[in-house]
Amino acid sequence: MCRLLIGLDVDPIGVIDWTAPMQIHVRSVPARPDCSGCGGPARVKQTIKRRLTDLASFGRPARLVWHQIRWWCPSQSCELKSWTETDARIVHGRKKLTDRAGRWACAQVGRDGRSVAEVARELGADWHTINDAVIAYGTPLIDDPSRIADITVLGMDEAKRIRLGKFKIKQWSTQLVAHGQLLDVVDGRDAATVCGWLSERDQSWRDQIATVTIDMSGPYKKVADTMLPDAVQVIDAFHVISNANQRLDETRRRVQQDILGRRGHRDDPLFKARKVLVMAAEHLDEQAEARRVGLLKAGDPGGEVAEAWQAKEALRQFYRLPDPDVAEAWLDELIVTLIDVHLPPEVRKLGRMLRRWRVPILAFHKTRATNAGTEAINNLAKRVKRVAFGIVNWQNWRVRVLLYAGKPDWSKLATINPAAP
Ligand SMILES: [Zn+2]
């Protein structure tokens with residue numbers, strides 16, 4: 001009955017339940033081994049009591065106290081003096097958790113997104129003990145090559161990871177994404193670092209990438225040019241629209257400054273209009289649309305904000321066009337219109353951006369590739385960050401975020417070999 005309750009095929013010696021955590025004393029029942037040095041029979045030298053954090057038992061933190069045997073070889077001529085019994089069912093190497101508690105803790109933190117502190121409290125263990133287990137059992141899961149095997153569309157996206165130090169300096173990372181899955185995170189957003197990640201993959205892996213989605217920054221384009229020269233480059237639609245919205249916002253603030261000689265206040269029409277302006281036109285109900293028109297009439301006498309708004313909406317229309325040829329004609333027309341000297345400088349800047357990135361922007365209509373899943377991944381990453389109050393250590397961050405958003409095969413957790421120590 002005791003064996004059944006312990007759930008391991010070991011001999012129970014006794015339970016001490018007046019301590020907290022309670023202690024369950026066991027020994028594994030090995031046959032007397034032969035010495036691996038000389039083949040002669042081994043003898044028991046001593047028994048070591050190893051206290052291991054185990055799964056909570058009936059709602060109470062528990063320790064499995066393993067009476068681990070130290071064997072010795074009595075043969076005079078043998079080189080091997082003594083060695084310690086091992087039992088992978090109980091514990092791997094020098095870990096402080098039982099094997100099953102380590103796997104369980106990894107799933108609780110990695111898959112279910114619980115905090116290390118919370119799991120540590122439940123098991124009555126130290127924070128580091130649990131964190132080490134998440135890293136040890138989680139690393140083989142995220143480094144499993146089949147996790148990222150069948151990728152044809154690769155997205156690169158920069159993400160602000162954390163603010164560090166007294167001056168809260170932003171630390172950037174690059175997220176490599178595909179079909180709503182986080183493939184990996186790279187520490188930094190420069191071309192060399194991301195190229196380094198790609199060069200660690202096999203040539204055959206890189207060859208299967210037919211499409212790369214990037215933003216309008218130089219580094220990721222450079223990565224695609226050098227490491228994935230045959231892949232079609234696509235600018236993610238989100239970045240194009242968000243660029244148009246930034247130009248719109250800049251126009252609004254400049255016009256405000258020109259007219260009032262100061263920044264917007266809560267009673268100024270343009271300030272009031274800032275949210276309604278960046279909303280998609282089709283999401284404005286009759287009342288909101290009337291509000292938009294009214295506020296612009298009051299605060300934008302030169303019509304400059306209205307022009308920036310129309311540019312943004314025309315660009316959104318471009319993404320709704322189903323036919324690639326029609327879309328191409330639309331974009332070319334839009335570029336010519338926007339770089340017109342009579343338009344506000346912000347709008348012309350948008351036009352120049354479209355002209356510069358015309359080819360990868362147009363590639364959207366042929367590939368339909370987006371980083372659409374990125375937003376969802378960012379939300380998952382934010383959750384990991386919030387739960388952990390901002391993880392400073394890069395390795396901890398990488399393992400945690402990939403366990404949570406990288407879609408590892410959790411069915412393998414039961415059988416993987418944990419990383420040392
Ligand atoms: Zn021996």
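This is a predicted model: local features need pLDDT of at least 70, side-chain atom pairs count only at pLDDT 80 or more; totals for chains, interfaces and linings use all residues.
I started with helix α2, which is mostly covered, with 11 of its 13 residues buried. My cut-offs, on C-beta atoms placed from the backbone: buried is 20 or more other C-beta atoms within 10 Å, exposed is 12 or fewer, and partly exposed is in between.

Residues are numbered from 1 along each chain as its sequence is written.

Next I listed the buried residues of α2; among them are Asp99, Arg103, Trp104 and Cys106. I then looked up their partners: they pack against β3, α3 (116-123), α4 (127-142) and α17 (394-405). Contact here is C-beta atoms, placed from the backbone, within 7 Å. Helices (H or I, at least four residues) and strands (E, at least two) are DSSP runs, numbered from the N terminus.

I checked the length of α2 (residues 99-111) too: it reaches 18 Å from first to last C-alpha, close to the 18 Å expected at 1.5 Å a residue. That expected span is 1.5 Å times one less than the number of residues. After α2 I found Gly113, with a positive phi near 70°.

Then I moved to Ser36, in the loop between β2 (22-27) and β3 (43-57). Ser36 is exposed because it has 11 other C-beta atoms within 10 Å.

Last, the domains: domain 1 (2-90), domain 2 (152-235 + 371-411) and domain 3 (243-358), with bounds from an automatic or database domain assignment. Over C-alpha atoms, the centres of domain 1 and domain 2 are 44 Å apart.

Conventions:
Two residues are in contact if their C-beta atoms, placed from the backbone, lie within 7 Å.
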